[in-house]
There are 2 protein chains.
Amino acid sequence: MSSVRSDIIYIGKKPLMTYVTSAIIQLATLPIITIKARGQSMGVAIDVSQIVLRKTKPAFSIADIKIGSESLVSSDGRNRDVSTIDISIKRNTP
Amino acid sequence: MSSVRSDIIYIGKKPLMTYVTSAIIQLATLPIITIKARGQSMGVAIDVSQIVLRKTKPAFSIADIKIGSESLVSSDGRNRDVSTIDISIKRNTP
């Protein structure tokens, strides 16, 4: 956790290409990264992974995809389940 | 292709619970189903799979998740890449 480089990219509200660039930069030095998102951002995570693969073809591929749910407490104090996705992208061995 | 029962559920614009119900009905008689979506509907596909698993716990689990892209011709005549997700849900062996 003391490393400056992170192998996890959390998808938030920034423009899509911000995450694409960030992912490609991380993949320059790391063998595997994971793109994480939840709720409305899950579609963006899938788009980011596809654009990264397309732009860097054929250097990387999908290593793993996990989906799940998390229980969040919403602003009205109720529990709400939100879906999550984790997409791992790895460097292809030559 | 002549079967009335389909093992594929395409996510569209209907209310989320329509697809959940439909998936659970199909899983009553089929060992595996696949939930497919593209673009904006991908998040709904993930939500549907999670709700199906939660409501039927522990009868089913995720068998496979695939993501990809398709090239569509949009209304202005240009090619547009759209991401896709296929989530397979299978019955757990007892």
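## Polar contacts between the chains

Let's start where the two chains meet: between chain B and chain A there are 8 residue pairs in polar contact, with both residues at pLDDT 80 or more. A polar contact here is a pair of N or O atoms within 3.5 Å; within protein, one must be able to donate a hydrogen and the other to accept it, and residues adjacent in sequence count only if both atoms are side-chain atoms. On chain B, the side that touches chain A draws at least two residues from each of α2 (42-55), β3 (60-73) and β4 (79-91). Of these, α2(B) gives the most, with 7 residues. Sorted by class, that side of chain B has 7 nonpolar, 7 polar and 4 charged residues. For that sorting, Ala, Val, Leu, Ile, Met, Phe, Trp, Tyr, Cys and Pro count as nonpolar, Asp, Glu, Lys and Arg as charged, and the others, Gly among them, as polar. The element names follow DSSP runs, numbered from the N terminus: helices are H or I with at least four residues, and strands are E with at least two.

A word on the ground rules: this is a predicted model, where local features need pLDDT of at least 70, side-chain atom pairs count only at pLDDT 80 or more, and totals for chains, interfaces and linings use all residues. Residues are numbered from 1 along each chain as its sequence is written, chains are lettered from A and ligands numbered from 1 in the order in which they are written, and side-chain values use heavy atoms, with hydrogens and water left out.

## How much gets buried

The size of an interface is often given as the accessible area lost when the parts come together. Here, chain B and chain A bury about 1300 Å² between them, and 62% of that is on carbon and sulfur atoms. (Buried area is the accessible area, taken with a 1.4 Å probe, that two parts lose on being put together, summed over both.) Three isoleucines stand out on chain B: B:I46, B:I65 and B:I67 supply 40% of the area that chain B buries against chain A, more than any other three residues.

In terms of residues, 18 from chain B and 18 from chain A take part in the contact, where contact means heavy atoms within 4.5 Å.

## Salt bridges

Side chains of opposite charge can pair when their charged atoms come close. The rule used here asks for a side-chain nitrogen of Lys or Arg within 4 Å of a carboxyl oxygen of Asp or Glu. Over all chains, the structure holds 10 salt bridges, and 2 salt bridges are found across the interface of chain B and chain A.

B:R54 pairs with A:D81, with the closest N and O atoms 3.2 Å apart. B:D81 pairs with A:R54, again with a closest N and O distance of 3.2 Å. That pair crosses between chains, going from strand β4 of chain B to helix α2 (residues 42-56) of chain A.

## The sheet in chain B

What is the strand order of the open sheet in chain B? Its 4 strands run β1-β2-β4-β3, and the pairing is mixed. Two strands count as paired if DSSP finds at least two bridges between them. The edge strands are β1 (8-10) and β3 of chain B, each pairing on one side only. On average, neighbouring strands are turned by 20° against each other, direction ignored.

Strand β2 (residues 32-38) of chain B runs antiparallel to β4(B), joined by 7 bridges. Within that pairing, B:R38 has B:T84 as its bridge partner, and B:I35 stands opposite B:I87. β3(B) and β4(B) are also antiparallel, over 13 bridges, with B:E70 opposite B:V82. Lying across β2, β3 and β4 of chain B is α2(B), which runs at about 5° to β4(B). (Axes are lines fitted to C-alpha atoms, for helices over the stretch in contact, and angles run from 0 to 180 degrees between N-to-C directions.)

## Turns and cis bonds

Most residues other than glycine have a negative phi, and most peptide bonds are trans. In chain B, β3(B) and β4(B) form a hairpin with 5 residues between them, and B:G77 in the turn has a positive phi of about 85°. A cis peptide bond joins B:K57 and B:P58, with omega about 0°; B:P58 sits in the loop between α2 and β3 of chain B.
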